[in-house]
Amino acid sequence: MNFNITTDSISEIKADLEIIIVIDKDLNHRFVQDKKLLKKAGFSGGQDEIFHLIEKNRLYVGAETLKGKGIRPAAATAIRSLIGKKAYKNIKIATYLSHPRCSASLRALAEGIVLGSYSFTAYKSKKVRSSIKNITISLEGYNEHEITAEVAARAIHNGEITANATNFTRDIVNTTPDDCYPVIMANIAEKLADNSSLKCNILKPKTLKKEKMEALLAVARASRHKPRVIHLAHKPKSPKAVITLVGKGLTYDSGGLSLKPSEFMVGMKSDKSGGSAVLGIMKAISEMNLPVEVHGFVGAVENMIGGDAYKPDDVLKAKNGKTIEIRNTDAEGRLVLADTLCYAQQEVKADYLFDFATLTGACVVGVGHYTSGVMGNNDEIKSLVNYSAKVSGELATRLDFNPYLHKTIKSEIADVCNISNTRYGGAITAGQFLSEFIDDDHKEKWAHIDIAGPAFVEHAWGENPHGASGAGVRMMLRLIEKLARGEEH
Ligand code: BES
Ligand code: ZN
Ligand code: ZN
């Protein structure tokens with residue numbers, strides 16, 4: 001898909017279809033030339049409401065606001081409605097800005113268009129895809145706000161990179177567990193490095209053993225697919241900050257011997273969403289060539305059952321020497337992350353450390369399917385993540401630690417237990433478990449982002465179709481872009 005920007009007015013542009021966004025139900029706006037017809041059809045212009053006027057080659061879509069949070073899902077919904085319609089190859093659309101010289105809505109438009117054109121067809125014999133080839137954006141504005149072609153082009157370019165990286169992550173997550181296992185994730189990372197300036201190092205079992213990553217290795221043991229730890233690095237000269245990202249890459253989570261009930265096992269291919277997000281973020285960082293050093297680590301493992309599976313009652317020693325009593329083998333993500341976090345901190349002394357994981361069902365129960373939980377020891381870092389999520393169009397909310405919940409992961413026989421002794425507060429106790437593996441240097445620099453809710457979408461919402469959403473990618477890119485501009489939090 002190509003984006004073109006032009007100063008030609010919208011009516012001068014030749015295209016197969018014009019997309020018109022109706023803002024805040026304003027059917028009296030000069031852009032809405034079919035008010036009577038729209039009213040007759042019962043179109044009121046509510047958020048994501050669409051009306052395709054086939055004869056006139058106009059597609060109307062409603063947005064509650066000119067801000068990104070209105071434009072992005074509206075554009076995605078409009079574009080998604082065209083998937084499989086081969087007649088529409090060239091699309092035109094005007095410029096919508098919420099403030100003078102502020103390109104945020106334009107970036108949101110580009111993101112919505114690219115995210116909305118996504119379809120996952122790998123396993124369909126009949127591939128129904130978007131046919132859109134060209135999007136022409138006229139600088140003719142919805143309102144008086146102006147923007148230069150240069151600023152507009154940059155916003156659209158960054159929006160494209162962001163959304164393409166999100167779609168890249170979606171593809172990995174949507175791939176089935178027998179087509180995407182740890183070695184395949186490592187291959188994806190190596191291929192990324194081959195085609196960019198990223199450096200890639202893959203740790204295989206022998207090295208993982210040498211690095212004393214016994215917790216990760218125990219989770220991996222019963223699978224025929226051997227584990228990998230992936231390290232991708234973007235290292236520009238004189239970076240403004242050093243950022244480490246760590247992702248949970250469970251290519252399948254059966255629960256292990258604490259086997260999941262069958263209805264909870266369906267969808268567990270998405271347990272690699274955190275790791276897949278890290279791969280997507282690294283891809284975008286290298287494409288944007290941001291002046292920050294970024295390291296991405298993925299713990300890629302499959303959690304299965306078998307004669308040599310790790311067990312409830314085992315005690316494992318993590319890389320940092322802490323012993324972990326296992327009481328539930330389905331709380332495996334935190335074990336993989338514990339070792340991967342320790343390895344990442346040993347390899348890189350970072351200014352910021354973020355981990356992404358579909359860590360707990362409790363997070364979904366607590367905050368719903370649409371929102372990620374943000375945890376950590378430092379309020380400013382948590383706020384930075386929250387703020388970046390908001391700008392990016394993702395939803396995130398803080399879940400604060402407390403010392404009382406921390407006590408619930410104490411163990412009688414080891415340093416810490418892999419599950420809590422209470423049914424409540426499971427997202428936080430998982431986060432506090434991870435905090436046991438953050439060293440003193442990184443304590444105040446770390447945030448844990450539980451993406452278990454939004455990572456996989458059952459029923460399409462906003463800019464997300466059914467399947468993987470690419471959660472984490474957009475929020476983290478906004479955050480890293482902010483740091484790359486030299487803005488402190
Ligand atoms: N991968 C799951 C968490 C999950 C649940 C992700 C639903 C996405 C949707 C994780 O490994 C897990 O099984 N966690 C357990 C922890 C429990 C045993 C303490 C959970 O949440 O039930
Ligand atoms: Zn699990
Ligand atoms: Zn899991």
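## A walk from helix H2 to the zinc site

Start by selecting residues 68–80: that's helix H2, 13 residues that span 18 Å from first C-alpha to last, close to the 18 Å expected at 1.5 Å a residue (1.5 Å times one less than the number of residues; helices are DSSP runs of at least four residues, strands of at least two). This is a predicted model, where local features need pLDDT of at least 70 and side-chain atom pairs count only at pLDDT 80 or more, while totals for chains, interfaces and linings use all residues. Residues are numbered from 1 along each chain as its sequence is written, and side-chain values use heavy atoms, without hydrogens and water.

Colour H2 by accessibility: 11 of its 13 residues are buried (under 20% relative accessible area with a 1.4 Å probe, protein chains only; exposed is over 50%, partly exposed in between). Among them are Arg-72, Pro-73 and Thr-77.

Next, pick the zinc ion (ligand 3). Lys-248 (NZ), Asp-253 (OD), Asp-271 (OD) and Glu-332 (OE) coordinate this zinc ion at 2.0 to 2.4 Å (donors are N, O and S atoms within 2.8 Å of the metal, or 3.2 Å for Na, K and Ca). Now show the zinc ion (ligand 2): the two ions sit 3.2 Å apart, and Asp-253 coordinates both. Lys-248 lies in strand E9 (residues 242–253) and Asp-271 in the loop between helices H8 (262–265) and H9 (273–288), so the pair ties together parts 23 residues apart in sequence. Lys-248 and Asp-271 are both buried.

Last stop: Ile-305, in the loop between strand E10 (293–303) and strand E11 (315–317). Ile-305 counts as partly exposed because its relative accessibility is 42%.

Technical notes:
Chains lettered and ligands numbered in written order.
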